[in-house]
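Good morning, colleagues. Please turn to the sequence and the structure that I am about to show.

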Amino acid sequence: MSTNLLQAPHPPAVESRPEPLLSVRDLTIHNQFAGTDVVRGVGFDLNRGEILGLVGESGSGKTLTCRSLLGILPRGFAVDAGSVELFGEDVTGYSNKEWSKIRGTSISAIFQDPSSYLNPSIPVGKQVSEVFRVKGKLSRREAKTQTLELLRAVHLREPELVYGQYTHELSGGMLQRVLIASALALEPKILIADEATTALDVTVQAEILDLLVELQEAKGMSLIVVSHDLAVVAQLCSRVLVLKSGEIVEQGTTAEVLYSPRHEYTRLLVSEHNLYGLDRFIAGQGLAGQGLAQKEPAEKGAGEHVH
């Protein structure tokens, strides 16, 4: 499957009354250094098999919200009020030890700069393999076998070669695929993609987004896509939350939010992106499955050459 940003798969259908895997209620995150609340009253559900988008400009609270769902808030930041329920259990007060048991197994994440999360002095394959060994309790041989299967699953050619390579030997797109493999090693039910394609060029970005959709459908995961790029959200997500200054100002289906935005801030975001063709996108294939008029699709871009 290979599409570019202007040719997207239809967002997955969502059951009318599903049981949420994740429930966030009135979440408030406090900056202890500044003495201010940087996220205020955020609440939403994530349903089984759903792809949910979080959009907003830099500093809107997207990343802090997602880090609170993983128990990895930066030093000086803490959940001050509200609750986070994973699979019906409140994890807000979890200790580091409790978080380590569920991080990677129940919920996992990929981030913008894979080189920041991969050790440059250790071959990338061994780093993925270590996840299987430490948390999966597999033998060295079993862990390597599983890692090679994962590297194939994320469409890396010559996985045996990639297994022994270091970060400086791989392209940005290849590193992001390795990071995706690491995040999916223990088959989490929820995956957070936090600006996961921002640093990549448009062609490679499209391939990585394609890959995320393919893996999400194959594994039945729920996916949270964090982005400032409305075209990315329109391509992937069935529902969207819009954050501004730490608060949700609008939420709804992707068609509702991007085609008929109600809040002034959302209208501004859509207006700015329309300068780069989002109007053509939301009227075309990306939201065709939600009843919007179609226009002619853009030409497909060539895929990244993955070694």
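Helices here are DSSP runs of H or I with at least four residues, strands are runs of E with at least two, and both are numbered from the N terminus. The model is predicted: local features need pLDDT of at least 70, side-chain atom pairs count only at pLDDT 80 or more, and totals for chains, interfaces and linings use all residues. Residues are numbered from 1 along each chain as its sequence is written, and side-chain values use heavy atoms, leaving out hydrogens and water.

I begin with helix α7. This helix spans residues 202-219, 18 residues in total. From first C-alpha to last it reaches 26 Å, close to the 26 Å expected at 1.5 Å a residue; the expected span is 1.5 Å times one less than the number of residues. After α7 comes Gly220, with a positive phi near 70 degrees.

I turn now to the sheet. It is open and mixed, with six strands in the order β6-β7-β8-β3-β9-β10; two strands pair if DSSP finds at least two bridges between them. β6 (107-110) and β10 (247-253) are the edge strands, each pairing on one side only. Within the sheet, β3 (residues 51-55) and β8 (residues 222-227) run parallel over five bridges, and Ile51 stands opposite Leu223 in β8.
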